[in-house]
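Here is my note on the model, as numbered points. Please keep the structure open while reading.

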Amino acid sequence: MKYSYAFAAALVCLACVSVQAAPPAAQQEAQVLRYDSDVQPESYKFSVETTDGKSHQEEGQLKNVGTDHEAIAVRGFYSYVGDDGQTYTLKYVADENGFQPEGDHLPRAVQ
C-alpha cells in the first residue's frame, strides 16, 4: 500500500505543478522564426528564435575523447523579454567546472 499512496501523492503534485505552469489562456503560442542545428559525432550546435522574442544559441564539444576523463563542454546564451518589457540575456558555460552563468540581471559575488 505504501507504493499506491506514494504514486497517488506524486500524481496530485504533478497535477498541481501542471496547472500552475500552464500559460494564461489569453497568451498565444510562440512560433519558431528560425531554427538551425548541426549535430556531429563529437560536437553539436543549434540556434532558435521565436516570435515572442526568445533566442537560444548553444554549442557543445566532446573533450578528452576515448579517455576516462571524457566530458562535454557547452557554451551558449539565451535571451527573453521579461514581464517588465526588458530583454534579459544569460550567457553560460557548462563543463568540468560546473554551470557558470553570466548576466547583468544576476547577483554577483562580493569580492
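1. **Basis.** This is a predicted model, where local features need pLDDT of at least 70, side-chain atom pairs count only at pLDDT 80 or more, and totals for chains, interfaces and linings use all residues. Residues are numbered from 1 along each chain as its sequence is written, and side-chain values use heavy atoms, with hydrogens and water left out.

2. **Overall make-up.** The protein has 1 helix and 6 strands. Along the sequence the pattern reads α-β-β-β-β-β-β. Both element types are DSSP runs, numbered from the N terminus: helices are H or I with at least four residues, strands are E with at least two.

3. **Burial and surface.** Of the 111 residues, 14% count as buried. Buried means under 20% relative accessible area, exposed over 50%, and partly exposed in between, with a 1.4 Å probe and protein chains only. The accessible surface is about 9,200 Å². Carbon and sulfur atoms account for 55% of that surface. The areas come from the Shrake-Rupley method with a 1.4 Å probe; for residues, only the protein chains shown count as cover.

4. **Contact range.** Take the contacts between residues at least 6 apart in sequence: 11% of them join residues at least 24 apart. Contact here means heavy atoms within 4.5 Å.

5. Two strands pair if DSSP finds at least two bridges between them. Strands of a sheet pair through backbone hydrogen bonds, either parallel or antiparallel.

6. S1 and strand S2 (residues 43-50) run antiparallel and are joined by 8 bridges. Ser37 stands opposite Phe46 in S2. The S1-S2 hairpin has 2 residues between its strands. S2 and S3 also run antiparallel, with 7 bridges. Ser47 has Gln57 in S3 as its bridge partner. The hairpin of S2 and S3 has 4 residues between the strands, and Gly53 in the turn has a positive phi of about 90 degrees.

7. **S3 to S4, and Asn64.** S3 and S4 pair in the antiparallel sense over 9 bridges. The bridge partner of Leu62 in S4 is Ile72. Asn64 sits in the loop between strand S3 (55-63) and strand S4 (71-81). Its phi is near 55 degrees, a positive value in a residue other than glycine. Most residues other than glycine have a negative phi, and most peptide bonds are trans. Asn64 is partly exposed, at 44% relative accessible area.

8. Ser79 lies in strand S4. Ser79 is buried, with a relative accessible area of 11%. Not counting residues up to four places away in sequence, Ser79 touches Gly53, Lys54, Ser55, Thr87, Tyr88 and Thr89. Ala73 is also in strand S4. With the same exclusion of residues up to four places away, Ala73 touches Glu59, Gly60, Gln61, Lys63, Ala94 and Asp95. The C-alpha atoms of Ala73 and Gly98 are separated by 9.6 Å, and the two residues are 25 apart along the chain.

9. **S5 to S6.** Strand S5 (residues 87-95) and strand S6 (residues 98-102) run antiparallel, joined by 5 bridges. Lys91 stands opposite Glu102 in S6. The hairpin from S5 to S6 passes through 2 residues.

10. **Aromatic pairs.** Rings of Phe, Tyr and Trp (its six-membered ring) pair if their centres lie within 6.5 Å; planes under 30 degrees apart count as stacked, over 60 as edge-to-face and the rest as tilted. By this rule there are 5 aromatic pairs. Tyr80 and Tyr88 are stacked, because their ring centres are 5.5 Å apart and their planes at 25 degrees. Tyr80 is partly exposed at 30% relative accessibility, and Tyr88 is buried at 17%. The rings of Tyr92 and Phe99 have centres 5.7 Å apart and planes at 35 degrees, so that pair is tilted. Tyr92 is buried at 8%, whereas Phe99 is exposed at 53%.

11. **Aromatic cluster.** Which residues form one aromatic cluster? They are Tyr78, Tyr80, Tyr88, Tyr92 and Phe99.
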